[in-house]
Amino acid sequence: MTELHSSAPPAVVRLAEYTKTDQTEILGDSTDPFGVADAGLTWLPKKDHFGIRQDGRLVAHAGLLPLPVSIGGVDTRVMGVGGVAVAPDLRGQGLARAVVSAAVDHARTLGPRYGLLFCRPALVPLYGRLGWRALERDVHVEQPDGPVIMPLRTMWTPLRDDADWPDGEVRLLSLPM
Ligand SMILES: CC(C)(COP(=O)(O)OP(=O)(O)OC[C@H]1O[C@@H](n2cnc3c(N)ncnc32)[C@H](O)[C@@H]1OP(=O)(O)O)[C@@H](O)C(=O)NCCC(=O)NCCS
């Protein structure tokens, strides 16, 4: 029998904090572990953190941060998901699915109708497997010198059963997460 994932989903815990050292424990100390340095963006740290430990080692993380956004001229809030990271030696085993699902499950309890994330184009199919949808329009985000068009892909996921992404211009009214 071929089994890709172990039968019990990995246990995700809420982390009291998530430091640069924690990120290095997962991803190593490469200068550009997320592969987004080319974009030259300034990012916000996340507020809530979800992680997986194996034998005391932090091996996966996903972060959450509520963010103000304007969609079609209507101000609302989205739950930003970011800092998704899995230790290189443990990829392909469902750990990203587990931490992102835990973050999204928590986000559902917080009020906003949508989750939002930014990713490299190569990760769009992966997040698609996790129930995220690509937003096929430019998204403006704040940067220290003013708004720019996000050069990465933007994806969203409904946090309520009836949530559909509205039409209209999308402006994140903060730095991205
Ligand atoms: C991106 C990353 C988090 C993925 O972690 P992972 O643990 O290997 O991902 P998972 O094993 O949970 O895979 C998630 C799903 O995507 C699927 N998937 C993986 N690669 C895929 C691909 N190229 N195309 C389509 N689906 C893919 C998996 O099969 C799985 O779906 P399933 O559970 O239905 O089988 C990991 O590679 C990483 O840490 N990369 C470096 C940091 C980074 O770039 N983070 C993303 C920031 S946005």
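Which residues in the largest nonpolar core touch the most other members?

Modeller: This is a predicted model, in which local features need pLDDT of at least 70 and side-chain atom pairs count only at pLDDT 80 or more, while totals for chains, interfaces and linings use all residues. Residues are numbered from 1 along each chain as its sequence is written.

The largest nonpolar core has 43 residues, and those touching the most other members are Ala60, Val81, Leu95, Val99, Val100, Ala103 and Leu117. Such a core is a set of buried Ala, Val, Leu, Ile, Met, Phe, Trp, Tyr and Cys residues joined through C-beta atoms within 7 Å. A residue is buried if 20 or more other C-beta atoms lie within 10 Å of its own, exposed if 12 or fewer, and partly exposed in between, with C-beta atoms placed from the backbone. Among the elements that give two or more residues to this core are strand 3 (57-71), strand 4 (74-86), helix 2 (95-107) and strand 5 (114-119). Helices (H or I, at least four residues) and strands (E, at least two) are DSSP runs, numbered from the N terminus.

Alanine 60 belongs to strand 3. It counts as buried because 27 C-beta neighbours lie inside 10 Å. Apart from neighbours within four places in sequence, alanine 60 is in contact with Ile26, Gly51, Ile52, Ala85, Val86, Ala87, Leu95, Ala96 and Val99. Contact here means that the C-beta atoms of two residues, placed from the backbone, lie within 7 Å. Aspartate 22 is 38 residues from alanine 60 in sequence, and their C-alpha atoms are 9.6 Å apart. For valine 100, with neighbours within four places again set aside, the contacts are Ala62, Val81, Val84 and Leu130.

Two loop residues give a contrast. Aspartate 55 is in the loop between strand 2 and strand 3, and counts as exposed because it has 5 C-beta neighbours inside 10 Å. Its phi is near 50°, a positive value in a residue other than glycine. Alanine 122 sits in the loop between strand 5 and helix 3; it is exposed, with 9 other C-beta atoms within 10 Å. Arginine 153 is 31 residues from alanine 122 in sequence and 9.4 Å from it in space, C-alpha to C-alpha.

There is also a ligand. It is surrounded by 19 residues, of which Val86, Arg91, Ala96, Arg97 and Pro125 are the closest. A residue is near a molecule if its C-beta atom, placed from the backbone, lies within 6 Å of it. Strand 4, helix 2 and helix 3 (124-129) each give two or more residues to this shell. By class, the shell has 12 nonpolar, four polar and three charged residues.

As for the whole, the protein chain has three helices and 10 strands, in the order β-α-β-β-β-α-β-α-β-β-β-β-β. Of its 177 residues, 31% count as buried. Among contacts with a separation of 6 or more, 72% join residues 24 or more positions apart. The C-alpha trace spans about 50 × 35 × 30 Å along its principal axes. The unreviewed UniProt entry carries the annotation "domain: N-acetyltransferase" for residues 13-153; UniProt positions are given in the numbering used here, feature names are shortened, and annotations may be inferred rather than shown by experiment. The span 13-153 is 19% helix and 37% strand, and its end C-alpha atoms lie 28 Å apart.

Methods. Ala, Val, Leu, Ile, Met, Phe, Trp, Tyr, Cys and Pro count as nonpolar, Asp, Glu, Lys and Arg as charged, and the others, Gly among them, as polar.
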